[in-house]
Number of protein chains: 4
Amino acid sequence: MRIGMLVSGGDCPGLNAAIRGAVLRGVDVFGFEMIGFMSGWRGVIENDWIPLDRRAVRGISPMGGTILGTSRVSPFTDEGGGAEGIRARMRENDLDGLILIGGNGTQTVAQMLSDEGINVVGVPKTIDNDLGGTDFTFGFDTAVSIATDAIDRLRTTGESHGRCMVLEVMGRDAGWIALHAGMAGGAQVILVPEFPESIEQICEWVESVRDRGRHSLVVVAEGFRLEGMESEVTRAGVDGFGRPRLGGVAEVLAPMIEERTGIESRATVLGHVQRGGVPTAFDRVLATRAGIAASDAVEAGDWGVMTSLQGNDIVTVPLAEAVGSLKVVPRDRYEQVRLLFG
Amino acid sequence: MRIGMLVSGGDCPGLNAAIRGAVLRGVDVFGFEMIGFMSGWRGVIENDWIPLDRRAVRGISPMGGTILGTSRVSPFTDEGGGAEGIRARMRENDLDGLILIGGNGTQTVAQMLSDEGINVVGVPKTIDNDLGGTDFTFGFDTAVSIATDAIDRLRTTGESHGRCMVLEVMGRDAGWIALHAGMAGGAQVILVPEFPESIEQICEWVESVRDRGRHSLVVVAEGFRLEGMESEVTRAGVDGFGRPRLGGVAEVLAPMIEERTGIESRATVLGHVQRGGVPTAFDRVLATRAGIAASDAVEAGDWGVMTSLQGNDIVTVPLAEAVGSLKVVPRDRYEQVRLLFG
Amino acid sequence: MRIGMLVSGGDCPGLNAAIRGAVLRGVDVFGFEMIGFMSGWRGVIENDWIPLDRRAVRGISPMGGTILGTSRVSPFTDEGGGAEGIRARMRENDLDGLILIGGNGTQTVAQMLSDEGINVVGVPKTIDNDLGGTDFTFGFDTAVSIATDAIDRLRTTGESHGRCMVLEVMGRDAGWIALHAGMAGGAQVILVPEFPESIEQICEWVESVRDRGRHSLVVVAEGFRLEGMESEVTRAGVDGFGRPRLGGVAEVLAPMIEERTGIESRATVLGHVQRGGVPTAFDRVLATRAGIAASDAVEAGDWGVMTSLQGNDIVTVPLAEAVGSLKVVPRDRYEQVRLLFG
Amino acid sequence: MRIGMLVSGGDCPGLNAAIRGAVLRGVDVFGFEMIGFMSGWRGVIENDWIPLDRRAVRGISPMGGTILGTSRVSPFTDEGGGAEGIRARMRENDLDGLILIGGNGTQTVAQMLSDEGINVVGVPKTIDNDLGGTDFTFGFDTAVSIATDAIDRLRTTGESHGRCMVLEVMGRDAGWIALHAGMAGGAQVILVPEFPESIEQICEWVESVRDRGRHSLVVVAEGFRLEGMESEVTRAGVDGFGRPRLGGVAEVLAPMIEERTGIESRATVLGHVQRGGVPTAFDRVLATRAGIAASDAVEAGDWGVMTSLQGNDIVTVPLAEAVGSLKVVPRDRYEQVRLLFG
């Protein structure tokens, strides 16, 4: 059995542990030959790959990023040649199947290739945790951990200066990072893309916190939008005042809060630090298990599936079930924390 | 509704977040009055308690330990007066029910009290993650995280000096911490209480790692015992050489490995640092949700249950289902990592 | 002896350890009575203070921020009443002297009060490390540590995606944080306020890094300005393209680098997280020693001085020597790292 | 100019940053050729080395351990051949000089070689910070940081359970780690090798802490000995009760404290985790600067010296001044913290 592996889409902590898990299981236990395409689909298109064996994955589990590199290149382009192009490249390299590590986009591609009869196993990865068909994806726990650390730090400054601190975290379509980091850090206000709130409501919460003698920590997902504002506007690089947005939604909210409440407010946009560096132990374990499970699926001839965490177990689910549906914060989880604000 | 809360057994990261979650939900949302007994059942026996409100739990979520203190005192003693004594104390303080935060022992007591008609809700907590009826308990993720950090540090020393490093982590009856930290840190050998191994087998693994040009990191749960040795011996404070054991199993293993393989070996016993300090974001979220769910159960009159993480959801399970069964590392999880050693 | 203490200016990690050191030494060893004014000079003006004893400072050493709060209020205002107003307030509270914890501005005020015959001892504190008369100030090591952690994280993303990552750190007039974090994190380009560079030079460095097969990490102090650009322009909220600056200099540089080199570039502005949260051990020791030294100076009647780290020793220096001079990165330190870029 | 480099003695955080600093400066700026001997003097004896250039040191600054490995092998053995043997090996490899990274022992060897006319530059490195001639050595700050983190964690358990926690840290002859970590973590009792104390005095402190309603955190350096006990006894592997010592001094002290005060006491021996893993930013900067300074000394022909931190500056001092004197905790620094115990 000869297997190709690649990472596609944004990088996230745990990718190397997943690669290592798949290789140790596949090469050492099952006797696969494995190769890794460099920079995602670009490596497939350009036939740029490295052999993957025990030596290649030695000690990489605690490292951020990915030894294979990644890109946002899609195979469904003229250059990529679609399913036919991929199939040709696989034949050329004598590959029996592909392990595809990536997020929503990548798993959708995986399913399309599977529909065309190509042997694929998907390994899910999202910082935002918005992928259906699995309890958690690796990368998310590290991102929440970094965001929580930032809240812990900002809080002391907020309390010392009597300021409202607004922290923007990742989460374009789903607010999981904001929800979890906000709960972990004890944020007084948590704003997620799923549930728009008005600026009046936000200021009411901030003022109610002040009336209790404290200072608000507002955590806001990048994809949050103010109620009544056009999402196209706030998302398209123009802020709530119509000015071009260089920064993020936190940089829009902080001055609005300060103007309306008179409470000095400061924005911090956490940005790229959320997706890099040493993964948490949780993410390393999850990623290692996901990698192992991918090689197990290959060995079992269980193609067209994605590895999935369900409770304590790693199982496989059909790609068709996993892709397409965005896993968003349900109303009851949001209401639960919302009730704590007042 | 007037509710008492206490923590019993060993402390662990997340206790304060659980207390805070229950109080913010119970007092602020449902209008309970809540009190916290100090130092576990000792506080009940001595009627030593503090009122719990929003102010009392302010900012405690990132703190290790517990603001209520804890002890290993049991109510089923002459002093405690058993169910009748507890009932009397509850009447005296006008309490409608108790929220009991603790591990296996505490939840067993909870069930006994429930059987006697006392209103209790259990919140599970174990460092070792060996409690049935729930996917994870808070405290475990922090312990794994600290143990993984230690592995990351020891590895560099092992590689620089060409040594075999043996790290002992918590896990008296279940090897979850060793399993997860070992996977996260890329330990070459993982030894758990569930699966005794012989010293010959261990040395074979260590030598096979050396033959690949690397240096072994052995992670061993405190409850691991060598195959062929009486568990009473290795567990009762006498080491494998018949000497009194001041340290732990790592201090027995390291010299045995060195003697048989000729590879310089060093033991580290991680000990109490695993159970203290700032909880991980994961544990804070889990603990907060568990606390919230406990107050939800109280509000719903759902007595005799324990909060439980199942996948992404916090549910309640009957105490009878949760207690009594130890959740151990299943053979397939162990075999999976064992195959990676050779 | 009865002593007042306050914190003025921006908060930074270590303030609580300094307060604790001064109190444990002053109250417990020398028998002082001590009080702490709240929110800096505002507390003096409004006579808002708390008693400071062992209990008040219990366990605060690892905490960020300050239990006394802080503000940028100056005593040299109508409201403050200048030296006379301060003197009156001290008489009212029966104070023999003041311990003033703060940065350049605060120590300048301290000297002015000292010149007016008021008993003061200064304790220096700056994130930026730009205060003369002392090797280091507490807060700086924590800020460098946080910035280095961010570089470690950003680097993995940069390498995985083949991007140039631009990180903006604190440092308005002095580039110490950028210099040290850049050295610690192995940044390929380090830009400081003391030494303007042209965009051509920066891009040459970035391209030379690419030619070596790597991806640049550029760390830039917030006060850096491009050579040939008016400092008023880049500092006054207008970016290099003449657009209003909402973010910082990193958000100006990244698109300029991308445009000229064709290398995808991303900006991160670290912001307030650099000044909050748990202090490093180094800062806690330095702050504790500075606090102790302040009470020593009070006991010795050594007024009009500032505590100062010189090598391994904490000494006192006359305030006149310490204030007024900005400690900037010397040319040879900068040249040393600059030579490594090419 | 062709230069050999090696690391000798115990590993410590910062070694890789020092190697990298010397190489980037020496090879890229001055045009040296550089080689690194593997595993200390063993590599010289066996002529086992690797070429050192920019590629070899890429990205190693944040890594613990050393890419060159280390050992405790001495050149002054039959095998090593003493100065003549080293000289012969240098001639064979066409080496003009050696950069020797190590602690007291290594720098003493460096001086002996220098006395024999061999060109050497020493780079000091000790975890214990007990080397004369320099304010700090890299490795120390990381060790203090790890020990402080352990104190922070143990404290919460001690407070929750009402226990006295005894933490043993490194420091065979000098108590710097105990002193600094103890100050940073707010330990109530700090015990160092330089100042023996009686068990009665220690228990008096622990009881006085209890009388104030708190629970003691005792930090003890491994080299501490009880007053009145023979150092040979407590140091030679026999504990205060005459039993063989498997663990360290903390495991002797904890039961003695518990027996005399009735306060439940627990020992933790931090051990090897103190010397491994990611270095603090402080240590990386110090190590990088030391490495740069070593190549500067080579370029200047400034042989027979050791790099040294003095205040903010890295200078060189004659090896003769640096070696031989142990830098111990001075009485006034110890008295200062001792006064805080009572």
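In this predicted model, chain B contains an open sheet of seven strands, arranged in the order β3-β2-β1-β4-β5-β10-β11 with mixed pairing. The edges of this sheet are held by β3 (49–52) and β11 (313–318) of chain B; each has a single partner strand, so one side of each is left without a neighbour in the sheet. On average, and with direction ignored, neighbouring strands of the sheet are turned by 30° against each other.

Strand β5 (residues 120–124) of chain B runs parallel to strand β10 (residues 305–310) of chain B, and two bridges join them. At this pairing, B:Gly122 stands opposite B:Met306 in β10(B). The sheet also carries a helix: α4 (residues 104–115) of chain B packs on it, with contacts to β4 (97–102), β5 and β10 of chain B. The direction of α4 makes about 160° with that of β4(B).

The end of the strand order can be followed in chain C, where β10 and β11 form a hairpin. Strand β10 (residues 305–310) of chain C and strand β11 (residues 313–318) of chain C are antiparallel and share six bridges. Along this pairing, C:Val305 faces its opposite residue, C:Pro318, in β11(C). Two residues lie between the strands of the hairpin, and C:Gly311 adopts a positive phi near 65° there.

Chain B is in contact with chain D, and 38 residues from chain B and 38 residues from chain D take part. Together the two chains bury about 2700 Å², with 56% of that area on carbon and sulfur atoms. On the side of chain B that touches chain D, the elements giving two or more residues are α5 (140–161) and β9 (265–269) of chain B. Helix α5(B) provides the largest share, 10 residues. By class, this side of chain B has 11 nonpolar, 17 polar and 10 charged residues.

Chain A and chain C also meet, with 38 residues of chain A in contact with 38 residues of chain C. The area buried between chain A and chain C is about 2700 Å², and carbon and sulfur atoms give 56% of it. Here, too, the search for salt bridges across the interface returns zero, while residue pairs in polar contact number 14, with both residues at pLDDT 80 or more. On the side of chain A that touches chain C, at least two residues each come from α5 (140–161) and β9 (265–269) of chain A. Helix α5(A) gives the most, with 10 residues. The classes on this side of chain A are 11 nonpolar, 17 polar and 10 charged residues.

Two other chain pairs remain apart. Chain B and chain C do not touch, and their nearest C-alpha atoms are 11 Å apart. Likewise, no contact joins chain A and chain D, whose closest C-alpha atoms lie 11 Å apart.

Notes
Residues numbered from 1 in each chain as written. Chains lettered and ligands numbered in written order. Predicted model: local features only at pLDDT ≥ 70, side-chain atom pairs only at ≥ 80, totals over all residues. Heavy atoms only, no water. Pairing = 2+ DSSP bridges. Helix = DSSP H or I, 4+ residues; strand = E, 2+ residues; numbered from the N terminus. Axes fitted to C-alpha atoms, helices over the stretch in contact; angles between N-to-C directions. Contact = heavy atoms within 4.5 Å. Buried area = accessible area lost by both parts, 1.4 Å probe. Nonpolar A, V, L, I, M, F, W, Y, C, P; charged D, E, K, R; others polar. Salt bridge = Lys/Arg side-chain N within 4 Å of Asp/Glu carboxyl O. Polar contact = N/O pair within 3.5 Å; in protein donor to acceptor, adjacent residues only side chain to side chain.
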